[in-house]
Structures are given as C-alpha cells and as structure tokens.
Amino acid sequence: MTLFVLCALLLLKVSLGDACASNQFTESGQCCSLCPAGFGAEVSCGKEDTKCTPCPEGKFSPSEGLGPCLPCARCPSGVPVVASCSAKHDTKCECDKGFFFWSISGLCAPCSKCRHGEGVVRECGPQHNTECQTCGPGTFSEEHASTKPCQTCTQCVDSEVEIRACMPNSDTLCMDKKLDILSRPAESDGHRDTPRFPVVEEETEEKEASTVPGTPKFTPQDEGGNNNILVYVSVLAAVVLGLLLYVAYKCWRSCKQKQALSKARAAELGISPEGEKLQSDSGVFLDSHSLQDNQPSKGTKRDSKQDNRLYINLPPHRQEEVERLLQEGGGQGWRQLGAALGYEPEQLDLFGHGEAPAHTLLSNWAQKEGSTLGLLCSGLARIERPDVVTVLNCPTQGVSVV
C-alpha cells in the first residue's frame, strides 16, 4: 500500500512538473511556493512548504524566488542617491556618464565595451553594465564600443564581385567587375575609351613645325602627379635652404670666436688688434710662449697687469698637471674652484658624476669668453692653492687673495 502511494505521488509530481513555477517539491510531493517580490524565505522548502516573511529595513527582494532577502547597497562617498532602498528595489546611485553602480562592490564601475565581432544587446545603465553578444550569421561589428549593436552585412550587387565574405568582425568586401586597372583601352569605330591611367601620346606630323615629332604629351590626368612633384621639389628646396642657413650661422659663430681669440692674443703679446690681424693675414703664427722667452724685456709689463693668456692655449701636459692637482685636492679641489669661478652647486654635482670632474670643469670653463689665466689664478688664490698657481706660472702681481 505504501509503495502504491509513493508511486502515485511520483506520477503526480511528474505530471504537475510543468505547472510548478518553482520546479521544487516538498517531501510529500507538494510544489514549493515562491516568495513574492519584497518577501524572503524565512524557512526553506523541504519537509514543509516555503515560509516567506517581508524584507526588513536594509534588505530587499526584487522578484519572486526561494531565496532570502538581499542586503541593500550603499552609494560610494560623494555619489548622490537617486532612490533609497525599499523592500522591492535596491538603492539607486547616480554615477557619472560612462559608469554604472556595481552593487556587489558598492562602487561606480566604468561601462564595458564590446569587442570586435560583438554587438551591444543592452546598453550600460545606471544599475547594470553593458551586455554584449557575438554577432551571428549575416551581421558584423568592426568597432570597439559600448552603444552600437551588430550591423547587417553588405550584399554585393550584380555589377560587383565579392572579394571577401562577411565575418563577425568585418563587413563584406566587394569590387566592381569593370575595374580594369591594368587592361588596355578598347577601340571601336575609331573611338577610344578614356583609360584609367595617364596616357602618353606621340605628336603627329600635323603639328606645328616648331614641335619635335615624337615628343610625349601628357594628358590632363597627369596634373595630379605634376602637383605632387612640385610639392616634393618645394620641400627639397626648403631643406637645402635650411642647411645653407645653418652653415652660414656656424661660419659666423666661428668668425666671432676667432676674433675673440685674436683680441686675447693681442692683449697677451702687448700689440694692437690691427697688428694681430696683419700677422694672421701674413700667414705667420706667433707662439705666445716663444715670444715671452725671446722678449724678456716685456715680462715686467706683463707682470704689471693681470695675465690675459687663455687657459685653452696652455700646453696639454701643463693642463693635465693642473687637473691632477685639483682632482687630488680633497677639501680644496675642483669643486671649490668651480664655486669660485661662479658655477652653481647643481652644475658641480653634474660634473661630479663623470670620471674626471676636474677635466670636465676646466674644459667647460675654457669654452667661455674671457677664460684667462688671470681669472683662473685669482680663483685658485681664493681657495688657497698656490701649488696650482705655480704650475700655471701666473704673475704674482696679477693674483690677489680675497
């Protein structure tokens, strides 16, 4: 008897399965009831039917179901509340355009974009993200967007031939059947169709006598190509002009440097700039050190004023000796000399990154106008380095200790 009852209940369950909305049954075979919107399951369906209770404050249930009430979301800080949470609706927050409120994490998340080959089924809204779907047969999407659905594929007309079939991520590619880029124009009844490429015609004997037979004549269709050639020629001319201006500037700068060097040599040798110019024009190079050795009578005059010789004209071995002494100077080395010569601490730090900062400092200073031995010896005197002054062979009257 018990077996018969169970079989009857099973048959009843199968026959009523389509009519049971929850698709769940109690142990006795009764269809489990769904809790309406705004209610949650207090006791789950099992031995007995579902027991529902209204959602309390702070919880909601948006639709019928067998689950409990869900906790209400909270808007992020600074995001306005559009609608407060109720028993049937969750909290609605006003996110900026291009964002939606993600209740799971409680923040405004950026709207997703559908990939190539996917179309938008549901646009992004205040409470939900963009929903995408792969484009089916006959549709495509070539854009990475969050608002455009799949587009219908283009159909090639009778005068076109299909080059590439439509795919989910690209439209159909069609080409005109009459497109004959490299074909020879046909002639019929003495009429010649206009070709799609530039044509060169031979001059006939009926032309004027001034014209040379066989000279090619370009049709008006070549005007676009001629314009392109003019553009290229104009650009090339601008580049050449820029190079000429650059060379002229470099020559002018070199002349200015030579003039400054000539003035410094004239001051060193005690002659006028005009005399220096004459010596330079005559092709005779006068070494300042040889003149100093051959004319001892001028030593007193040179010692009576500051040494105007340029550091860059010193022999290489003497420059190396000066740089070595400053490199080994410790607390009174190249850095203190750089400060005395007017360099900023940031520049000195930059010189210090190299392997030979003393060489870098003096090489940079020697490029400046007025980089005379007198100024260098004055700086060395201020940092109390008489040993380097001795190597430079500066006049004692030209060095003042500050």
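This is a predicted model: local features need pLDDT of at least 70, side-chain atom pairs count only at pLDDT 80 or more; totals for chains, interfaces and linings use all residues.
Residues are numbered from 1 along each chain as its sequence is written, and side-chain values use heavy atoms, with hydrogens and water left out.

Residues 54-93 are 0% helix and 25% strand, with 24 Å between the end C-alpha atoms. In residues 94-132 the figures are 0% helix and 38% strand, and the end C-alpha atoms are 23 Å apart. Helices (H or I, at least four residues) and strands (E, at least two) are DSSP runs, numbered from the N terminus.

Strands β7 (residues 99-102) and β8 (residues 107-110) run antiparallel, joined by 4 bridges; strands pair if DSSP finds at least two bridges between them. Phe 100 has Ala 109 in β8 as its bridge partner. The two strands make a hairpin with 4 residues between them, and Gly 106 in the turn has a positive phi of about 70°.

Two packed helices are described by the angle between their axes and the distance between the axes. Here, axes are lines fitted to C-alpha atoms, for helices over the stretch in contact, and angles run from 0 to 180 degrees between N-to-C directions.

| Helix pair | Angle | Axis distance |
|---|---|---|
| α6 (residues 316-327) and α9 (residues 357-366) | about 125° | 8 Å |
| α8 (residues 345-352) and α9 | about 130° | 8 Å |

The α8 and α9 helices are therefore oblique to each other, where angles under 35 degrees count as roughly parallel, over 145 as roughly antiparallel, 65 to 115 as roughly perpendicular and the rest as oblique.

Which residues of α8 meet α9? They are Leu 348, Phe 351 and Gly 352, facing Pro 357, Thr 360, Leu 361 and Asn 364 in α9, with contact meaning heavy atoms within 4.5 Å.

On the α6 side, Val 322, Glu 323, Leu 326 and Gln 327 meet Pro 357, Ala 358, His 359 and Leu 362 of α9.
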